[in-house]
Amino acid sequence: MLKLVVDTCIVKMASFPAENNPAALIVQMGLNGLFEWWVTPAILDEYTDVMGGDDGFLAEVIDSIHCCYPLNELSVISHEPDNRFVEAALSVSADYLITVNCARGHFDKPFYGDTQVMSPGRFVNSQVAASLLRRAGGVADGSEGGGRAAE
Amino acid sequence: MKGYAIVNGRSVSFVLSRGLAAAHRRNVGQSISPLDAIMIVEERRRTRALKHVGPYVETRR
């Protein structure tokens with residue numbers, strides 16, 4: 001099964017309604033078990049901190065995730081807290097690390113090991129996501145969203 | 001409650017889980033840009049880091 005590591009920003013963005021919210025689609029796919037959503041205790045701690053107040057949503061996330069315990073602390077990214085996500089990705093050989101923060105000093109490389117860094121928009125438009133959505137059927141119903149124009 | 005995303009040029013809708021729908025209801029009328037999300041997360045990280053170094057800072061006074 002596909003393994004993803006999801007940056008905290010994505011979880012935060014998923015909790016806001018928007019006409020185009022690929023972050024919410026990814027999170028919903030994770031909640032529905034369409035991919036393995038990997039975290040470390042440090043990442044889960046950060047999710048809990050940032051999502052404080054959205055207890056129901058947080059409980060669903062906690063029910064859906066897989067927790068790994070990396071043995072090594074990495075320092076491959078100059079912005080130190082981002083290394084926790086790379087540690088998770090490398091320890092489970094994640095396929096993708098989903099983030100919006102590709103600025104210099106953050107997730108500025110296209111790959112960390114075998115893990116590809118992707119924005120939520122790029123991921124939901126990828127072949128991999130399309131095949132997951134096709135297989136699931138029920139997550140995205142494929143219908144045009146209430147007359148919203150495709151961009 | 002449904003969420004929306006543009007996938008391959010088409011707006012698709014998907015059913016939100018109960019918890020995610022509640023979060024959307026709570027944040028209705030508000031929007032968040034990627035930059036806003038990054039700033040929120042970084043602010044929380046800074047707050048947490050300061051909390052952790054607090055006892056050390058106290059000993060240096």
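Which residues does A:P110 touch, not counting residues up to four places away in sequence? The answer is A:Q116 and A:V117, where touching, or being in contact, means that the C-beta atoms of two residues, placed from the backbone, lie within 7 Å. This is a predicted model, in which local features need pLDDT of at least 70 and side-chain atom pairs count only at pLDDT 80 or more, while totals for chains, interfaces and linings use all residues. Residues are numbered from 1 along each chain as its sequence is written, and chains are lettered from A, with ligands numbered from 1, in the order in which they are written.

Between the C-alpha atoms of A:P110 and A:V86, which are 24 residues apart along the chain, the separation is 12 Å.

Chain A as a whole holds seven helices and seven strands, and read from the N terminus on, these elements follow the order β-α-α-β-α-α-β-α-β-β-β-α-α-β. Helices (H or I, at least four residues) and strands (E, at least two) are here DSSP runs, numbered from the N terminus. The radius of gyration of chain A is 15 Å, close to the 15 Å that the globule rule gives for 151 residues, so chain A is as compact as a globular protein of that length; this radius is taken over C-alpha atoms, and the rule is 2.2 Å times the number of residues to the power 0.38. The C-alpha trace of chain A spans about 50 × 30 × 30 Å along its principal axes. Of its 151 residues, 44% count as buried, and among contacts in chain A between residues at least 6 apart in sequence, 63% join residues at least 24 apart.

Six strands of chain A form an open sheet with mixed pairing, in the order β3-β2-β1-β4-β6-β5, where two strands are said to pair if DSSP finds at least two bridges between them. The edge strands are β3 (65-67) and β5 (111-112) of chain A, each of which pairs on one side only. Within the sheet, strand β1 (residues 3-6) of chain A runs parallel to strand β2 (residues 36-39) of chain A and is joined to it by three bridges, with A:W37 as the bridge partner of A:L4 in β2(A). β1(A) also pairs in the parallel sense, over three bridges, with strand β4 (residues 96-98) of chain A; in β4(A), A:L4 has A:Y96 as its bridge partner, and A:V5 has A:L97. Three bridges likewise join β2(A) to β3(A), which run parallel, and the partner of A:V39 in β3(A) is A:C67.

A:L97 returns in the largest nonpolar core, where, of its 58 residues, A:I10, A:I26 and A:L97 touch the most other members. Such a core is a set of buried Ala, Val, Leu, Ile, Met, Phe, Trp, Tyr and Cys residues joined through C-beta atoms within 7 Å. Helix α2 (residues 22-31) of chain A gives the largest share of this core, seven residues. Domain 1 (1-30) and domain 2 (31-61) of chain B both give residues to this core, so it lies between them. Not counting residues up to four places away in sequence, A:I26 touches A:V6, A:I10, A:I98, A:P120, A:F123 and A:V124.

The bounds of the two domains of chain B come from an automatic or database domain assignment, and the C-alpha centres of these domains lie 29 Å apart. The contact between the chains takes 34 residues from chain B and 40 residues from chain A. On the side of chain B that touches chain A, the elements that give two or more residues are β1 (2-7), β2 (10-15), α1 (18-26) and α2 (34-59) of chain B, and the largest share, eight residues, comes from α2(B).

Definitions and conventions: Buried ≥ 20, exposed ≤ 12 C-beta atoms within 10 Å, placed from the backbone.
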